[in-house]
Amino acid sequence: MEQLDVFQKMGEIGLAPTSASEIRALTEHERMIQRHRTWLREIRRERPNTEKAYRIGVYIRFFNQTNYENYLDYHKKMFIDTISLCPKWTLVDFYIDTGSTAPSMGKSPEWNRLLNDCMDNKIDLIITQKVSNVSRQPFELTFCSRLLAAHNPPIGIYFISEDIFTLASYYLEDLKDPEFLPTPDWIPLPDEDV
């Protein structure tokens, strides 16, 4: 399976099954999104290597805005089918928060469970539909991406809609910037015995 086919299939995950839809003019907001997507297709990109073994956590922010009762099941099945195209990838779990937008990472219990699983070395790669599913606050997302990249081994996030992979070679220097930590020789506190 070519790498392109896998990521093309991932791009289809966010599309709801449709019946006959109305033909109408695009709104200004829809035209802006269309221009942005065109721009995104033109920029340099790297994607997770389909030949590398990854333990994957899929993060979904679920808000059913379709007419389909079982849309979440449909969405999960599309992830399962797509991830199964990569024999070295293993789906660990789905992490599903509800709501139309991400309020903040601190108020997203399943995102926090996913991060805990990452820190416990259960997950190597997070796949989610779009950046705004995780957080609308750029500093939260930057902090989290850097924290995951600094983990040993590094943990990446792949955002399907934006086609962004946080462990792409052109991000690595920024993600491991020593300014991120309080001092270059900073060591985390050991766990306390309870």
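Author: The protein has an accessible surface of about 12500 Å², and 54% of that belongs to carbon and sulfur atoms. Such areas come from the Shrake-Rupley method with a 1.4 Å probe; for residues, only the protein chains shown count as cover. This is a predicted model, where local features need pLDDT of at least 70 and side-chain atom pairs count only at pLDDT 80 or more, while totals for chains, interfaces and linings use all residues. Residues are numbered from 1 along each chain as its sequence is written, and side-chain values use heavy atoms, with hydrogens and water left out.

Reader: How much of the protein counts as buried?

Author: Of its 194 residues, 36% do. Buried means under 20% relative accessible area, exposed over 50%, and partly exposed in between (1.4 Å probe, protein chains only).

Reader: And how many helices and strands are there?

Author: Seven helices and five strands. Helices (H or I, at least four residues) and strands (E, at least two) are DSSP runs, numbered from the N terminus. Along the sequence the order is α-α-β-α-β-α-β-α-α-β-β-α.

Reader: What about contacts between residues at least 6 apart in sequence?

Author: Of those, 75% join residues at least 24 apart. A contact means heavy atoms within 4.5 Å.

Reader: Pick a residue. Where does Leu-125 lie?

Author: In strand S3, which covers residues 125-128. Leu-125 is buried, because its relative accessible area is 0%.

Reader: What does Leu-125 touch?

Author: Leaving out residues up to four places away in sequence, its contacts include Pro-48, Tyr-54, Ile-56, Trp-89, Ile-157 and Phe-165. Thr-166 is 41 residues from Leu-125 in sequence, and their C-alpha atoms are 9.8 Å apart.

Reader: New topic. How many disulfides are in the whole structure?

Author: Zero, according to a search of the whole structure. The test is a pair of cysteine sulfur atoms within 2.5 Å. Cys-144 is in no disulfide, and its nearest cysteine sulfur, that of Cys-118, is 7.8 Å away.

Reader: Is Cys-144 buried or exposed?

Author: Cys-144 is buried, because its relative accessibility is 3%. Cys-86 also counts as buried, at 2%.

Reader: Now something on a helix. Which one holds Pro-109?

Author: Helix H4, residues 109-119.

Reader: Why does Pro-109 count as exposed?

Author: Because its relative accessibility is 57%. Tyr-95 is 14 residues away from Pro-109 along the chain, with 9.0 Å between the two C-alpha atoms.
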